[in-house]
Amino acid sequence: MATNTKSTIIEVYKKLFEVFNAGKLDELVTYYTTDCKSVTPGKTRCGREGLKEICKNVLACGESTKWTGECDVVLSDDETMAYVTTSFEVSKSDGTTGTGNNLCIFRKIDGAYLVSFEMTTS
C-alpha cells in the first residue's frame with residue numbers, strides 16, 4: 001500500500017510545479033488545505049489567499065521552477081500524513097538560474113492528499 005500512496009503523493013507534487021509554472025493559481029490552491037501555511041525567506045503566509053499572494057509575487061518577477069524529479073517521501077504509519085523533500089531549479093527573468101529546496105507536509109483529507117505546510121528556499 002505504501003508504494004501506491006507514495007506514487008499518489010508524487011503525482012500531486014508534480015502537479016504543483018506544473019500548475020504554478022502555468023500561472024494557474026486558482027487551481028494550485030486546490031492542492032492545499034484551507035488553513036495551509038507557506039514559508040519563504042522573509043515571508044510567512046496563511047491560507048490559500050496568502051499562498052496565492054506569494055505565488056503572484058514570484059511569477060511577477062518572471063521566475064519559473066523546474067522540479068529535478070528527485071524527492072524523498074516519508075509516510076506516517078497510518079498513511080494520513082506525509083512529507084516530501086526535494087530540490088528544484090529556478091530560472092529568473094534576467095537569465096540567471098539557481099536552485100531551491102522545498103519541504104511539503106501533506107495531510108489526507110476526504111481521501112485526497114493536500115499540502116498543509118510548505119517551506120521553500122531559493
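Strands β5 and β6 form a hairpin with 2 residues between them, and D110 in the turn has a positive phi of about 50 degrees. Strands here are DSSP runs of E with at least two residues, helices are runs of H or I with at least four, and both are numbered from the N terminus. This is a predicted model, in which local features need pLDDT of at least 70, side-chain atom pairs count only at pLDDT 80 or more, and totals for chains, interfaces and linings use all residues. Residues are numbered from 1 along each chain as its sequence is written, and side-chain values use heavy atoms, with hydrogens and water left out.

Let us follow β6, which covers residues 112–121. Two strands count as paired if DSSP finds at least two bridges between them.

Are S116 and E118 buried or exposed? Buried means under 20% relative accessible area, exposed means over 50%, and partly exposed lies in between (1.4 Å probe, protein chains only). S116 has a relative accessibility of 12%, so S116 counts as buried. E118 is buried as well, because its relative accessible area is 11%. In a regular strand, side chains alternate between the two faces of the sheet.

Next come their contacts, meaning heavy atoms within 4.5 Å. Leaving aside neighbours within four places in sequence, S116 touches T33, D35, C36, K37, I105 and R107. With that same exclusion, E118 is in contact with Y32, K37, S38, V39, L51, N102, L103 and C104. The side chains of E118 and Y32 are also joined by a polar contact of 3.0 Å. Such a contact is a pair of N or O atoms within 3.5 Å; within protein, one must be able to donate a hydrogen and the other to accept it, and residues adjacent in sequence count only if both atoms are side-chain atoms. E118 and I54 are 64 residues apart along the chain, and their C-alpha atoms are separated by 12 Å.

**Helix α1**

Helix α1 takes up residues 2–21. The expected span of a helix is 1.5 Å times one less than its number of residues. The 20 residues of α1 should therefore span 28 Å, which agrees with the 29 Å between its end C-alpha atoms. Its buried residues are T5, I9, V12, Y13, L16, F17, V19 and F20. Just after α1, G23 takes a positive phi of about 75 degrees.
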